[in-house]
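Trainee: I am new to this structure and would be grateful for a guided introduction. May we proceed by question and answer?

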Amino acid sequence: MAQVPQPLDALAVRTWCGLALQALGRAREEIDAINVYPVADGDTGTNLYLTVESATAAVEAVFTGYETGAAGGMRRPTLADAVRAMAHGALIGARGNSGTILAQLLRGMAQVLADGESAPGGAQGLRLALRQAADSARQAVAHPVEGTVLSVASAAADAVAGAEGDCGAVARAAFEGARAALAATPGQLAVLKRAGVVDAGGQGLVAVLAALVEALTGEAPRVPDGSGRHVHARVAASVAPQECAEVPGDGGGPAYEVVYLLEAGDAAVARLRERLDALGDSLVVVGGDGLWNVHVHVDDAGAAVEMGVEAGRPYRIRITHFAAGDVHTAGAERPPRERVRRAVVAVVPGEGLAGLYREAGATTVLARPGEPPASGELVEAVRRAHASEVVLLPNDADLHHTAAAAAEQARTEGVRTALIPTRAAVQGIAALAVHEPERRFDEDVVAMTSAAGATRYAEVAVAERQSWTTAGICQAGDVLGLIDGDVAVIGSDVTETAEAVLDRMLAAGGEMVTLVLDDDAPESVAARLEGRVREAYLAVDTVVYRGGRQGALLLIGVE
């Protein structure tokens with residue numbers, strides 16, 4: 001159903017993100033298939049989708065915050081609120097070379113649209129935003145190459161310079177300029193011409209701009225398919241996919257893709273750019289204001305991470321070995337690796353727990369405080385597990401719907417998937433402990449579900465603000481003991497609160513206590529609790545793990 005044309009405001013940004021996510025979801029496989037540059041790893045569509053999914057989630061969170069916080073009437077965020085959220089979400093969720101560049105394009109637009117002096121919301125503001133987006137993205141790439149998404153973005157910005165009319169007309173001019181530039185990319189980049197495809201990142205950007213046109217005009221533009229015919233943007237991708245495995249290999253290249261978020265100052269990042277540029281290629285560093293997303297292809301992944309450590313605080317580090325991850329690697333002639341029979345995919349809150357889960361054979365997705373994974377990240381983890389059967393452990397009650405969506409997507413891709421509704425990492429540990437891949441799938445799922453359900457869970461954390469709880473009013477800085485998700489104890493000392501929580505849990509019985517300590521937890525808490533169990537609960541065993549930075553100071557499980 002066509003929408004009523006609207007100005008470029010917060011609601012338009014929300015609509016744009018939603019439509020862009022839908023468009024990339026439909027075109028993901030086609031874009032993946034034509035991904036031949038800079039590395040033919042067949043993931044550009046997926047990376048763009050995950051980046052926009054993160055941006056969309058951030059915008060939705062802003063709207064939810066305003067709607068739930070409104071008193072005496074509905075309030076909406078401003079355009080500045082929405083575009084800043086979009087840019088931040090894209091930055092922290094950017095995946096791959098193309099996703100990182102798209103994040104900078106969105107950030108460039110936000111820099112203009114959030115500035116009241118640049119007429120944001122009007123046609124001139126959108127013209128300036130598209131120009132800033134193209135220029136800032138080009139600056140973020142160490143060695144810009146024509147025939148890529150950068151060329152498409154620049155063409156979109158050039159096309160709106162003389163465009164007349166409202167925001168919808170400006171968006172349509174940008175789309176038309178980008179579409180023409182996309183068609184020209186095979187003539188600019190030899191590897192695209194040999195493959196008979198356009199640039200995959202550029203095709204993704206055209207889809208995003210088509211979504212902007214629809215958000216502002218209510219009309220989805222028509223785009224050409226591979227034969228030059230015009231089809232509806234909501235039905236087909238703009239170029240027919242080709243198998244990138246047919247492209248002649250360019251003779252190797254760096255073995256690893258390294259991506260991480262980095263907290264660092266401008267001067268340190270400028271020095272980091274120079275060092276990483278000398279170490280590898282496909283370097284893209286985007287962001288600002290102390291938070292950056294770093295992407296580079298290297299042979300020495302450890303050195304790339306160490307350079308980040310020297311520059312600031314890197315986190316959410318992802319290292320992908322191209323040769324190990326797909327059959328599209330340049331020069332690769334081996335067949336696809338055979339699927340394993342069964343795998344477990346688990347969301348975990350800290351690096352320490354992630355290591356524990358991986359040692360037990362699970363594929364992990366890291367969830368940092370305030371940064372829950374999107375469904376696309378869970379789907380990607382299922383694909384990475386490369387199994388015929390997958391057991392999914394969300395380990396968080398708030399992630400149940402996200403995990404359910406990921407499980408449904410995995411099923412459509414032919415993977416038999418079972419979702420066990422674990423609500424805490426300690427329940428996931430219990431489930432993983434009884435996992436037997438050689439058992440029948442249904443029997444294994446039942447056993448794991450039973451073990452998780454028989455495990456009560458608790459956590460000890462510090463209150464960030466004054467709040468009403470099920471145990472009374474807490475103040476900022478109070479120590480909270482939560483049992484099965486509800487506040488049961490409010491105290492002032494971490495160890496004493498933890499002991500009170502453990503006593504309450506063991507009052508109902510138990511055979512095994514699992515303690516997972518955050519890096520910031522007092523050194524004495526584990527020994528105190530182990531001693532308490534030995535003294536008062538003789539038949540109960542205790543096991544202690546280090547969870548790294550996991551949000552809560554202490555996680556407790558009682559089986």
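Trainee: At what angle do helix 6 and helix 9 pack?
Mentor: Please note that the model is a predicted one. Helix 6 covers residues 149–159 and helix 9 covers residues 200–217. Their axes are 7 Å apart, and the packing angle is about 35°.

Trainee: Which residues of helix 9 make the contact with helix 6, and what is the handedness of the crossing?
Mentor: On the side of helix 6, the contact is made by V149, V152, A153 and A156. Helix 9 contributes G201, G202, L205, V206 and L209. Helix 6 passes helix 9 in a crossing that is right-handed.

Trainee: How many residues of each class does the contact of helix 6 with helix 9 have?
Mentor: No charged residues take part in this contact. The others divide into two classes, polar and nonpolar. The counts are two polar and seven nonpolar.

Trainee: Is T185 buried or exposed?
Mentor: T185 belongs to helix 7, which spans residues 167–188. Its relative accessible area is 0%, and the cut-off for burial is under 20%. T185 is therefore buried.

Trainee: Which residues are in contact with T185, neighbours within four places in sequence aside?
Mentor: One of them is V198, which is 13 residues from T185 along the chain. The C-alpha atoms of T185 and V198 are separated by 5.7 Å. With sequence neighbours within four places left aside, the contacts of T185 are G147, V152, L192, V198 and D199.

Trainee: How many charged residues are in the contact of helix 4 with helix 5?
Mentor: Helix 4 supplies residues including I101, Q104 and L105, while those of helix 5 include G125, L126 and L128. The residues of this contact comprise 13 nonpolar and six polar.

Trainee: Which residues have the most contacts inside the largest nonpolar core?
Mentor: The largest nonpolar core has 92 residues. L126 is one of those with the most contacts inside this core. The residues asked for are V13, W16, M86 and L126.

Trainee: How many helices and strands does the protein have?
Mentor: Of the 559 residues in the protein, 54% are buried. The protein has 19 helices and 18 strands.

Definitions and conventions: Residues are numbered from 1 along each chain as its sequence is written. This is a predicted model: local features need pLDDT of at least 70, side-chain atom pairs count only at pLDDT 80 or more; totals for chains, interfaces and linings use all residues. Side-chain values use heavy atoms; hydrogens and water are left out. A nonpolar core is a set of buried Ala, Val, Leu, Ile, Met, Phe, Trp, Tyr and Cys residues joined through side-chain atoms within 4.5 Å. Buried means under 20% relative accessible area, exposed over 50%, partly exposed in between (1.4 Å probe, protein chains only). Contact means heavy atoms within 4.5 Å. Helices (H or I, at least four residues) and strands (E, at least two) are DSSP runs, numbered from the N terminus. Ala, Val, Leu, Ile, Met, Phe, Trp, Tyr, Cys and Pro count as nonpolar, Asp, Glu, Lys and Arg as charged, and the others, Gly among them, as polar. Axes are lines fitted to C-alpha atoms, for helices over the stretch in contact, and angles run from 0 to 180 degrees between N-to-C directions. A crossing is left-handed if the near helix is turned anticlockwise from the far one by less than a right angle, and right-handed if clockwise.
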